Every structure is written in C-alpha cells, then in structure tokens.
Amino acid sequence: MNRSGEGKTVALTLGSGGARGYAHIGAIEILCERGYEIVAISGCSMGALVGGVYATGKMNDYKDWVTGLGQFDLLKLLDLTFNSVGAIRGEKIFSVVREMIGDTRIEDLPIAYTAVATDLLGHKEIWFQEGPLHQAIRASVAIPGLVTPLVLNGRVLVDGAVLNPLPIIPTISSHADLVVAVNLSGEDDRRNRIPDAAFESAAEGGREMDEWVNKLRGKASQWFDWDALKTFAAAKRDKASGDATAAQDKLGEALKQKESTGEKLPAKKRDDHETIDWDKLGIGKFDVMNLTIETMQGALAQYKLAGYPPDLLVNIPKNASRSYDYHRAPELIQLGRERMAAVLDRYERDMNSSGPMAL
C-alpha cells in the first residue's frame, strides 16, 4: 500500500450536499490508507455527520449501514409530520446514528471537531465545538422546510449550509500540514454521473410500496410528486424501464429544445394565459426546493473557497447524484475515493505546487 502521506497531518473540511456526502466516506478512506493523519474536521450537514462518525471511530459501522439501504428502506425511515416547520421529524434516522455514536461529547473526541449550523433567529452561523455530538449533528443537518429544526437554548437551528456549505475557517487554527476540503457542489461532469440503478433492480416489495404510498398520498401530496413515486413502484414491480433523469436535466433539456427548435414548453391555459405545465416535465415541488438549495449552496461554496482557499480541493460534481439519492451509497463512496486519490496523486507528484490543487 502506498503510504506516501506518512507523517503529514490534515485538517479536513467536509461540505454540504445531501446524499453526495457519502463521497466523504471514500475521501477519508483514501487519506487514511495513504498514511495522512486527520487531526481536525469541520463539517456542515452531511459533512458534519460523516465527520462526527469518523471522529468517534464508528465509520465502518456507518458505512455498513448506509451501503445496505435500498430506496424502500429509506422510505420506511421517514417519519412524516407535515407540520408548519418541516415535513420530516428525522427521529428514526437520527436514532440509528445516535445509537452508533452514543452520548459522546465533542470535547472528548480524539480530534478537533466543528459542526456548523445556522441560527435562524440570530441570522448567524453557530459552531458546535463542545457539547453532545448528536445534538451538533442534528442541528447541522436540518434542511429548512424538510427536516424540522432543532430548538436549543432559545435558538432555532437548521442546516449550516444556509450560510456556510463549506466551513473551512474552523480548520485553520489546527496548524495541520495540509488543509483539505471536499466540496460537494463541484461543476457538473457527465463522466461521473452515476446512473440510476433503481429502475434496473429486481422487482421486490412492489405491492408493499404501492400500499405504503397510497396511505401517505392524502397527507403528503403538497410536498411530493406522487405520480413519480407510483412510477417508481411500478418499475420495481415489473422491471419496467423508468425515467431516471434528474429534475434539472429534464428542465435543461426542455429549455435547450425550445431554444433550438422554437418549440414551446408543455403548457396549459389558466385565466386566459399560458403557464408551464410542470407536471408534464416531471418536476415537482420538492425538486424545485432542492434545486433552489443546491444553487444557493454552490454559489456560497465558491465565495468561501475564494476567501479561504485550502491546500487541496476535492470537487464532487453536483450532477453525480441528486441530493436525496440516499440509496446510492456504494457508488458515491467509490466516487469519493477516486476523486481524493486523483488529487493526492497530483499533490504527491508536485510537492512544490503553489495555490490550491483541485480536481
């Protein structure tokens, strides 16, 4: 095994990006395999979660769990509330994570750790560098409007990505040999698009899926595109080919077609004027919210990188997966390994390179 990083210390920043955060697991694995010593971790959202699990020494347990999750397993973990502040309580998922990490306090971890959340009432970042680790993670991953916020000490805390999707600053004081950042909002790269395997998998649980979805339809129609979920269930049952294209691709292709041919997007009449028929484009309310958050995070990440460039930058393309594709852990972990390995290869070939090295 190549241990070229032996003796070098790393301060690691793990960014926000939903399911693409599984790439952090692969990135950490490569760093450790090459002999780099991680002495500090700062993270936001999934970065805070993966970083916290690593700091407690439970990475293998977490990896085993997420790589065994199918799409139906994930649906069963959603404890839907549809109250005024979030669609999902998140207690089922977080109970599994808390069982793994226990009642560990951040100040007792063997490495410096920072989880970043956003205080909605105070309009500012909150850095968790002490206190219960599970609370810090829970606050950092509370996606606004989707996962209910954490109310703590008079603060309403949500996903740190609202203000800082790539929290590099907390790692600077660690005085490590290298500051390494894993950015989950990298430029789109068709070569690294992970195909949707859901529609190619064997038919299992199709009837159960249909029954489960039908029970929730009345409660949740304002949030999810239930026609798409039924299509998924039917595809699982019949092994039929389904439309696995991400929402942004559907809209982008439709707009390109309009520009090149002069065609109009699918439209319908309403009050004597035309509006886009988003249902025919296959884009639901959740997709719009998700794309809005991703656009914001991508722009903020670029500002953070410009102000505090790391020594090494690992970019995970935004289109590697949708942020809610939590059933794709194996592919995304492998992508994280490949991207981190490529960056370290460059760094180790040219130790005197100036400026941040990125892929």
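User: Is I172 buried, partly exposed or exposed?

Analyst: This is a predicted model. I172 sits in helix α7, residues 169–172. Its relative accessible area is 45%. Buried needs under 20% and exposed needs over 50%, so I172 is partly exposed.

User: Which residues form a nonpolar patch on the surface with I172?

Analyst: The patch has about 360 Å² of accessible area together. Besides I172, its members are W127, I169 and Y308.

User: How many residues apart in sequence are the parts that D345 and R34 tie together?

Analyst: D345 and R34 form a salt bridge, with the closest N and O atoms 2.8 Å apart. D345 lies in helix α13, and R34 lies in the loop between α1 and β2, so the pair ties together parts separated in sequence by 311 residues.

User: What is the relative accessibility of D119, which forms a salt bridge with R155?

Analyst: The closest N and O atoms of D119 and R155 are 3.8 Å apart. D119 lies in strand β5 and R155 in strand β8, so the pair ties together parts 36 residues apart in sequence. R155 is partly exposed at 32%. D119 counts as buried, at 4%.

User: How many salt bridges does a search of the whole structure find?

Analyst: R98 and D103 form one, with the closest N and O atoms 3.1 Å apart. E29, E33, K63 and R337 are linked in a network of salt bridges. For the whole structure, the count is 11.

Key. Residues numbered from 1 in each chain as written. Predicted model: local features only at pLDDT ≥ 70, side-chain atom pairs only at ≥ 80, totals over all residues. Heavy atoms only, no water. Patch = residues over 30% accessible without salt bridge, like charges linked within 9 Å, V, L, I, M, F, W, Y side chains within 5 Å. Areas by Shrake-Rupley, 256 points an atom, 1.4 Å probe, with all protein chains shown as cover. Salt bridge = Lys/Arg side-chain N within 4 Å of Asp/Glu carboxyl O. Helix = DSSP H or I, 4+ residues; strand = E, 2+ residues; numbered from the N terminus. Buried < 20%, exposed > 50% of the residue type's maximum accessible area, 1.4 Å probe, protein only.
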